[in-house]
Amino acid sequence: MKDFFGKDFFGKYFFAGLLSIVVSLTCFGQTYKPIDQGSLVEFTIKNLGFNTKGSFSGLDGRISFDAKDAAKASFDVSIDAASINTDNNMRDGHLKKESYFDVEKYPRIKLVSTAVSGPDKSGHYTFTGQLTIRDKTKEISFPFIATPMGDDLIFKGSFSINRRDFEVGGSSTLSNNVSLDLTVLAKKQ
């Protein structure tokens, strides 16, 4: 197929398009999908002065990451709020209700990066982004490591939040401070 000037239209634009795809993949690193198997999203909170631990599952999302150019990385990951598990069915049912996570109205807890930097001298990267629980979004920042596992990556990081910032639980016997530990296996796409 020739363009108006008699040049090979298909070849010219096909190869230009293919080149732009290759360049964008090179520039933005590899794409990964977080999966439940091999991942842990755990939290610890004090209840009446005793540590209570729990976890979430139902990971979903997309991660673009190149260890050599972290500034181009992006994370858009969520978990299923209704998957909350504290090894106590009665407590888990209570936490799913409106006064806590309100899982019927807000089924996903979401974490989206706004900036990634690093690594520092100890190999830690820094995640900065938005955490959304219920309909409240807050900026958070925390260090993490990225460890290759074949073609896949394991991301590990920890941070703390104030549950009241997200209107989870109101006033109760729970501590306001919640510690979260993330170990996320991300499969190369």
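**Core packing and aromatic pairs in a predicted model**

In this predicted model, I84 touches F43, S55, F56, D92, L95, K96 and F101 when residues up to four places away in sequence are not counted, a contact being defined by heavy atoms within 4.5 Å. I84 lies in strand β3, where strands (E, at least two residues) and helices (H or I, at least four) are DSSP runs numbered from the N terminus. At 4% relative accessibility, I84 counts as buried; the term buried stands for under 20% relative accessible area, with exposed for over 50% and partly exposed for values in between (1.4 Å probe, protein chains only). The C-alpha atoms of I84 and F101 are separated by 9.4 Å, and these two residues are 17 residues apart along the chain.

Residues are numbered from 1 along each chain as its sequence is written, and side-chain values use heavy atoms, with hydrogens and water left out. Because the model is predicted, local features need pLDDT of at least 70 and side-chain atom pairs count only at pLDDT 80 or more, whereas totals for chains, interfaces and linings use all residues.

The protein contains two helices and eight strands, which follow the pattern α-β-β-β-α-β-β-β-β-β when read along the sequence. Of its 189 residues, 37% are buried. Among the contacts with a separation of 6 or more, 55% are accounted for by residues 24 or more positions apart.

In soluble globular proteins, nonpolar side chains tend to be buried together. A nonpolar core is here a set of buried Ala, Val, Leu, Ile, Met, Phe, Trp, Tyr and Cys residues joined through side-chain atoms within 4.5 Å. The largest such core has 41 residues, and the members that touch the most other members are F65, F75, F101, L131, F144 and I161. At least two residues of this core come from each of β1 (30-47), β2 (50-65), β3 (74-85), β4 (108-117), β5 (125-133), β6 (136-149), β7 (152-162) and β8 (174-188); β8 gives the most, with six residues.

The structure also holds 13 aromatic pairs, in which rings of Phe, Tyr and Trp (its six-membered ring) have centres within 6.5 Å, and planes under 30 degrees apart count as stacked, over 60 as edge-to-face and the rest as tilted. One of these pairs is formed by F75 and F155, which are edge-to-face at 5.3 Å centre to centre with 75° between the planes. F75 lies in strand β3 and F155 in strand β7, so the pair ties together parts that are 80 residues apart in sequence. F75 is buried, with a relative accessible area of 9%, and F155 also counts as buried, at 6% relative accessibility. F142 and F159 form a stacked pair, with 4.6 Å centre to centre and 25° between the planes. Since F142 lies in strand β6 and F159 in strand β7, this pair ties together parts that are 17 residues apart in sequence; both F142 and F159 are buried. Ring pairs link F65, F75, Y125, F127, F142, F144, F155 and F159 into a cluster.

Some backbone features occur in loops. The peptide bond from G118 to P119 is cis, with omega near 5°, and P119 lies in the loop between β4 and β5.
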